[in-house]
Amino acid sequence: MAGTTPRGRAERRSPGELESEILATLWATERPLTPAEIQSELGDGLAYNTVHTILRRLHDKNLVVRDADGRRGAYRPVKNAAEMTAEAMHRALDRGPDPIAALQQFVTGLSPEEESALRELLAGGGA
Amino acid sequence: MRIDVYTPLLLSLLLGAVGPRLARFGTPAAAARALTGAAVLTAGASLWALGLLAATLAGEAPSLVAHARAGGRALPEPVPDAVAVLALCLLAVAVGRIVGAVRTHRATRRTLRRLCEGHPPGTELVVAASPRPRAFAVPGDPGRILVTSAMLAALRPAERRVLLAHERAHLTHRHAFHVHAVTLAAAGNPLLVPVRDAVAYLVERWADEQAAGAVGDRRTTARALARAALVAHGADCVLHFADRAVTRRVAALHTTPPRRLRPVAAAILALGALAALGAADATGDLLSLLTGGTL
């Protein structure tokens, strides 16, 4: 049930979930990252070996390239499929009516008052 | 028959008005499930009731009238013809709307399948190298999470984990199925449109609560929502409709987690069950009318 999940479950993540998280981390930045950099970015006591294993798995699936941009041991995501997906998404969005609008989007639109309220929230937290 | 056949229609009016309000109490998971169940039952019952009302036109059929006269019985006229014809028209409109909703659903699924082409089948996350900040769950077996690189770049590491956990919750709890079911119900009975909108909001709240549980931090979850909404708002004019959904979700995450309230879910479901009972009873009445029994 929602809201009843105990705290601390954050530490127990399946390999599939970690794959998504590490891939997301690599996509979030322009520059290639080493396993150590990924480890420190993700924090929360993830073992170096785990990061390494997951990266190898992503590499086997051809989702990341190693020694990217001449940086030994650094990884960056493979772009081809992601660019094809982006093109297909843009086509779908621009064709209208938005076929994705009916889906469970992470967020929806904001009014000007909501926008300033959310900005205040993010500024106020000190993070 | 006179009363029962209208029960599902009255109850769908009531469910549309009261259901979304009741759903504010209790957990979003229980409320979404109860509302979906009640909406599907009520929509089915009200379509059936329209069918029964329309079927009374068959009572005018010459063969039935002759049969009744031969049996020496006066044929009762429980439903005015005008009402029966109106019911027939409404039924036709409802069927048309349902067919339209099914077509839209299929088109969306086709588009989504195309988006995931070229990505290895065993991966959960599908990234789109796009400057438009977007994130959504792609239902399927197994479902996948589609996020654009712009959305990933805008979030902090803990917030990215919230995003992934949120979309994952949509997939594991089959939210797309709930939303599709309630969309069809609202297509069949427009009085249930408020219920559909409530369920669409509640599955987001449900996924927020799951994400907050997974990362163990409600504040971070709220910040992830706020940041994602701001970046999507700033970069993308497609999401211009403002239903206050995000601020309501953020506010809910700043309070304590909701508690289960069984009576609320039970009350919502009872409305749906009552509608179904009314339709079933009216069916019995119509059958006995057509076969020459007494009302």
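Modeller: The model is a predicted one, and the description below should be read accordingly. A search of the whole structure, over all chains, finds 18 salt bridges.

Two of the charged pairs can be followed residue by residue. In one, Glu41(A) is joined to Arg160(B), with 3.0 Å between the closest N and O atoms. In another, the side chain of Glu17(A) meets that of Arg168(B) at 3.6 Å, N to O. This pair crosses between the chains, running from helix H1 of chain A, which holds Glu17(A), to helix H6 of chain B (residues 157–172), which holds Arg168(B).

Polar contacts may be considered next. Between chain A and chain B, 13 residue pairs are in polar contact, counting pairs in which both residues have pLDDT 80 or more. On the side of chain A that touches chain B, at least two residues are supplied by each of four helices: H1 (15–27), H2 (35–42), H4 (80–95) and H5 (112–124). H4(A) provides the largest share of that side, with 13 residues. By residue type, the side of chain A that touches chain B is made up of 28 nonpolar, 13 polar and 16 charged residues.

The extent of the interface can be stated in two ways. In terms of residues, 57 of chain A are in contact with 79 of chain B. In terms of surface, the area buried between the two chains is about 6,100 Å², and carbon and sulfur atoms give 64% of this area.

Chain B has an open sheet of 3 strands in the order S1-S3-S2, with mixed pairing. Strand S1 (125–128) and strand S2 (135–138) of chain B each have a single partner strand and stand at the edges, so one side of each lacks a neighbour in the sheet. On average, neighbouring strands of this sheet are turned by 25 degrees against each other, direction ignored. S1(B) pairs with strand S3 of chain B (residues 144–148) in the parallel sense, over 4 bridges. Within these strands, Leu125(B) is placed opposite Ile145(B) of S3(B).

Terms used:
Residues numbered from 1 in each chain as written. Chains lettered and ligands numbered in written order. Predicted model: local features only at pLDDT ≥ 70, side-chain atom pairs only at ≥ 80, totals over all residues. Heavy atoms only, no water. Contact = heavy atoms within 4.5 Å. Buried area = accessible area lost by both parts, 1.4 Å probe. Salt bridge = Lys/Arg side-chain N within 4 Å of Asp/Glu carboxyl O. Polar contact = N/O pair within 3.5 Å; in protein donor to acceptor, adjacent residues only side chain to side chain. Nonpolar A, V, L, I, M, F, W, Y, C, P; charged D, E, K, R; others polar. Pairing = 2+ DSSP bridges. Axes fitted to C-alpha atoms, helices over the stretch in contact; angles between N-to-C directions.
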